[in-house]
2 protein chains.
Amino acid sequence: MPATPFSCSFLTLQPRFNSYVNPIFRSLTFQLSSSPLPFNANFSSVRLHSSLSRAAETDSPTGGRSGALTPGPAVAGEVQKIDVNPPKGTRDFPPEDMRLRNWLFNHFKEVSRLYGFEEVDYPVLESEALFTRKAGEEIKDQLYCFEDRGNRRVALRPELTPSLARLVIQKGKSVSLPIKWFTVGQCWRYERMTRGRRREHYQWNMDIIGVPGVMAEAELIASIVTLFKRIGITESDVGFKVSSRKVLQEVLNCYSVPENLFGKVCVIIDKIEKIPADEIKKELKAVGLSQEAVQELLQVLSVKSLTELEERLGSSGEAVADLKQLFSLAEKIGYSKWLQFDASVVRGLAYYTGIVFELLKEKGLLPELNLQIDDIVCALDEDLQGCAAMVANILREKGQIVELVLESKPLKWVFKRAARLNAERLVLVGNSEWQRGVVGVKILSTAEQYEVKLDDLK
Amino acid sequence: MPATPFSCSFLTLQPRFNSYVNPIFRSLTFQLSSSPLPFNANFSSVRLHSSLSRAAETDSPTGGRSGALTPGPAVAGEVQKIDVNPPKGTRDFPPEDMRLRNWLFNHFKEVSRLYGFEEVDYPVLESEALFTRKAGEEIKDQLYCFEDRGNRRVALRPELTPSLARLVIQKGKSVSLPIKWFTVGQCWRYERMTRGRRREHYQWNMDIIGVPGVMAEAELIASIVTLFKRIGITESDVGFKVSSRKVLQEVLNCYSVPENLFGKVCVIIDKIEKIPADEIKKELKAVGLSQEAVQELLQVLSVKSLTELEERLGSSGEAVADLKQLFSLAEKIGYSKWLQFDASVVRGLAYYTGIVFELLKEKGLLPELNLQIDDIVCALDEDLQGCAAMVANILREKGQIVELVLESKPLKWVFKRAARLNAERLVLVGNSEWQRGVVGVKILSTAEQYEVKLDDLK
């Protein structure tokens, strides 16, 4: 402990005007995936054998020792070796990891509620068509999709936004605007696995629908900053790259590029850090942009300050006005140090920075979350187990978290268990005490010991 | 509101000795699936057309009005109609339903913690082999299974117990016994849909591993009784049918039936309420039981009182001793009125009673869970929006749940929104007030109004 570093890459933020659905739609996605557990390296050698036997595959980064379920006599006729590791790219959450996951998700949920967002959820299994309708998305080739037993094409959701859009359209006018919804949900993508990236991850989505101005963006960034501050991350650790799609639109308008090319240009621009500049130029020309348009576009996109952008685009356009307003709001709310203008940020749906939450582990920010029990209740005699159960339930009714010793065990074992569970008190049910209507209580940190009447237990 | 009745069938409880894995293993499963929403009936007529066009399928019980995503100009080239309903058998959780789900799940989690259980989770996507190794289970034909892009056979989990067994074996001796784990997780089964039964559901599982005596069962039943009491369900609403697999084992031993037939006999006995007695007899003979063994077995299984069972089996066997101890513990802990002996309860893994949580709706026990906001903050002038955002964040830092009005809106709109969100206070940021370092506060229930200095806001 702390055993599980949560890794997290976060969305580069940009106002997404007219982007996904038509009720103006703004969202912030926070993508979490767990980074490898320490025994990752142990299995690189085993990986060589994984093609020989699928049942013996042990190259999962969560893998523990290999083994097989040992069925009891009831199923002895059908013994079959089963891999004890979860499928490649997925993971278990044993108690120590689950405590960390709950810690982080509770922060997500509390922050969302502070900002007046309502929690929603969607099916994990959606229609494949919901995700494949968008052309050019890498996600399409990473879908976990199949035909169900009723011949429907379905897919495990790779992201949450299409489901949100579906539900909002379904609800139609029955919900009042603005809609402010959040979700913490698991998603699946069949990706190449790297450090901190598996084939399942959790996303924290916050969405505002129905607000045309940039106040919505200002509000979303404010919420993320609130989260960061709560868990000890500062502006020297992470920052937000901010731009507006309107920058790109205005340049395209200047060169009379038809509006229906906008989507295609976005997909190309999104690759700007991944493929050589010449390739980008070639692709832009291929969709129909002139030499001058390509030149101007790439120059504008390299701009890193709002002042310079204003010099290039003039101050009359919406792009500059929106961005100036957003930076001025950030100043007022008090998080301007977290923001940085970067014109090359263009794409709304799948553009993430490389900044990850492994920070939390590197900076020692992961909390120590030990199991914490209030009382451990133990009968000193097997015949008193029912009485001990009664005592446990009296305490639980008072709100105490109680571990009841379920077998006759030596006191040495009970003390060891109490220590492992960080119990505060040991409650002993003995024969002579029970006759007198009392139980023995021992404060484990101080070894202080006394008797308490059943009626006074709390 | 309350719009979503949660329906729930609960496991008939029985000590499962030597049942699943060999470290003695006891579990309690609570299966939840949501019952149909009110507009169920609306779509029965549309169902006729569902085979014509998959994209237009609207026979989902969650279905709302039909429609299609309207892509913005950015993706205008790729317009494609999308069904706005979730896939058949799945459902959305809009805010009003999510509040109820959270209410119920929080009770599950709080009760589990009171009893000293630790939360765990497993992958939603498991190896298919984990679920198909058990022969004779109906579940096998209901699996959502497929081959992933790496040619692994995988399946959406239909239940949680096999994953638990897998993780416990993987952990081996690194975890100290007894293990007390719980999970609230979603599962998928491709079943025929009926009222209250879809193709996805949630299960609350509590498992104790490593305790040989029936104290473990007593503890698990106590926890469920605690849950029922918390949400207002009484022993006149539901009860636990209790038996022990040892009853069956002892009868089989009497007639020298080989131990490896036990599993097969369980599968047959499990169908006792579903198919005619003659069929059951035929099947039992087919696996190799004698006429006398079948006769005696069916007579013992019809026994409904512990005294009668003792008369038939004698008092020396473990079955009677265990059951007597369990009923005596129930007496001490105080929930014996909830228990009922029924020898025909035989199968541990998939035997559910018909009792459902729709009770909650029928009895009017579902709580009214409205959205509840502390403050709604509004700028009286567009130029003051940044200041309003600042005020909102001051309040949030004090722990207030704050809705910030993100656009310039007439006060009439703001009051309507405040009412919909059940806001307690309206905080108005006006020009002259701001100059004086104050804001206006209005208590919405009393219409009381006053000014507060920024520094005194809380």
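## An aromatic cluster across two chains

In this predicted model, A:Tyr144, A:Phe146, A:Tyr190, B:Tyr144, B:Phe146 and B:Tyr190 form one aromatic cluster, where rings of Phe, Tyr and Trp (its six-membered ring) pair if their centres lie within 6.5 Å, and where planes under 30 degrees apart count as stacked, over 60 as edge-to-face and the rest as tilted. Over all chains, the structure holds 17 aromatic pairs. One of them joins A:Tyr144 and A:Tyr190 edge-to-face, with 5.6 Å centre to centre and 70° between the planes. This pair links distant parts of the chain, 46 residues apart, since A:Tyr144 belongs to strand S5 (residues 144–147) of chain A and A:Tyr190 to the loop between strand S7 (179–188) and strand S8 (200–209) of chain A; strands (E, at least two residues) and helices (H or I, at least four) are DSSP runs, numbered from the N terminus.

A:Tyr144 is buried at a relative accessible area of 3%, and A:Tyr190 also counts as buried, at 15% (buried means under 20% relative accessible area, exposed over 50%, partly exposed in between, with a 1.4 Å probe and protein chains only). A:Phe146 and B:Tyr144 form a further edge-to-face pair, 6.4 Å centre to centre with 80° between the planes. Because A:Phe146 lies in strand S5 of chain A and B:Tyr144 in strand S5 (residues 144–147) of chain B, this pair joins two chains. A:Phe146 is buried, with a relative accessible area of 5%, as is B:Tyr144, at 3%.

## Extent of the interface

Contact (heavy atoms within 4.5 Å) involves 127 residues of chain B and 127 residues of chain A. The area buried between the chains, meaning the accessible area (1.4 Å probe) that two parts lose on being put together, summed over both, is about 10,700 Å², of which carbon and sulfur atoms give 57%. In chain B, the residues that lose the most area to chain A are B:Arg133, B:Arg149 and B:Leu406, together 7% of what that side buries.

## Salt bridges

Between chain B and chain A the count is 14 salt bridges, each a side-chain nitrogen of Lys or Arg within 4 Å of a carboxyl oxygen of Asp or Glu. Among them, A:Arg166 pairs with B:Asp92, the closest N and O atoms being 2.7 Å apart. Helix H1 (residues 95–114) of chain B gives the most to the side of chain B that touches chain A, with eight residues.

## Basis of the values

Residues are numbered from 1 along each chain as its sequence is written, and chains are lettered from A and ligands numbered from 1 in the order in which they are written. Local features need pLDDT of at least 70 and side-chain atom pairs count only at pLDDT 80 or more, whereas totals for chains, interfaces and linings use all residues, and side-chain values use heavy atoms, with hydrogens and water left out.
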